[in-house]
Amino acid sequence: MTGEQVQSNETVVPMLPCVSAEKTLAFWQALGFALTYEQRKPYLYLAFRWSGFELHYAGAPDGVDPSAEKTGGCLVMVDAVAPYRHVPGSHLRAAPTR
């Protein structure tokens with residue numbers, strides 16, 4: 001090492017598999033996440049942000065069944081859960097019905 005120290009400013013962004021861009025977009029935007037990047041070709045890539053949370057999605061391999069729940073996940077750790085408890089519900093109630 002060159003004497004540089006590890007800084008506490010790292011960011012890890014999960015890249016999750018996406019089988020339906022339309023459903024993924026609708027779901028996260030209904031929860032209040034902003035779409036920060038969208039690419040459909042030459043490959044699918046979506047990025048969302050809300051508060052300090054970032055989620056990225058890439059096209060899932062053929063044959064992936066999200067209902068089987070074998071595609072991984074993302075653990076979100078916060079100091080206190082209470083401030084976040086009602087946020088998704090409030091965004092869903094405000095979202096237009098389809």
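Reader: What is the mean pLDDT of the protein, and what share of its residues reach 70 or more?
Author: The model is predicted. Its mean pLDDT is 84, and 87% of the residues reach 70 or more. pLDDT runs from 0 to 100 and gives the predictor's confidence in each residue.

Reader: Which element has the lowest mean pLDDT, and which the highest?
Author: Helix α2 (residues 87-94) has the lowest, 64. Strand β2 has the highest, 97.

Reader: What pattern does the protein follow along the sequence?
Author: The pattern is β-α-β-β-β-α. That comes from 2 helices and 4 strands.

Reader: In what order do the strands form the open sheet?
Author: The order is β1-β4-β3-β2, with mixed pairing. Neighbouring strands are turned by 25° against each other on average, direction ignored.

Reader: What makes β1 and β2 edge strands?
Author: β1 (15-18) and β2 (34-39) each pair on one side only.

Reader: How do you know that β2 and β3 pair?
Author: Pairing needs at least two bridges between the strands. β2 and β3 (residues 45-50) are joined by 5 bridges, so they pair. The two strands run antiparallel.

Reader: Where does helix α1 lie?
Author: Helix α1 (residues 21-30) lies across β1, β2, β3 and β4 (53-59). Helix α1 runs at about 5° to β3.

Reader: What does L25 touch beyond four places away in sequence?
Author: L25 touches L35, E38, R40, L46 and F48. A touch here requires heavy atoms within 4.5 Å.

Reader: What share of the protein is buried?
Author: Buried residues make up 23% of the 98 residues. The accessible surface comes to about 7800 Å², and 55% of that belongs to carbon and sulfur atoms.

Reader: What share of the contacts with a separation of 6 or more joins residues 24 or more positions apart?
Author: Such residues account for 47% of those contacts.

Technical notes: Residues numbered from 1 in each chain as written. Predicted model: local features only at pLDDT ≥ 70, side-chain atom pairs only at ≥ 80, totals over all residues. Heavy atoms only, no water. Axes fitted to C-alpha atoms, helices over the stretch in contact; angles between N-to-C directions. Buried < 20%, exposed > 50% of the residue type's maximum accessible area, 1.4 Å probe, protein only. Areas by Shrake-Rupley, 256 points an atom, 1.4 Å probe, with all protein chains shown as cover.
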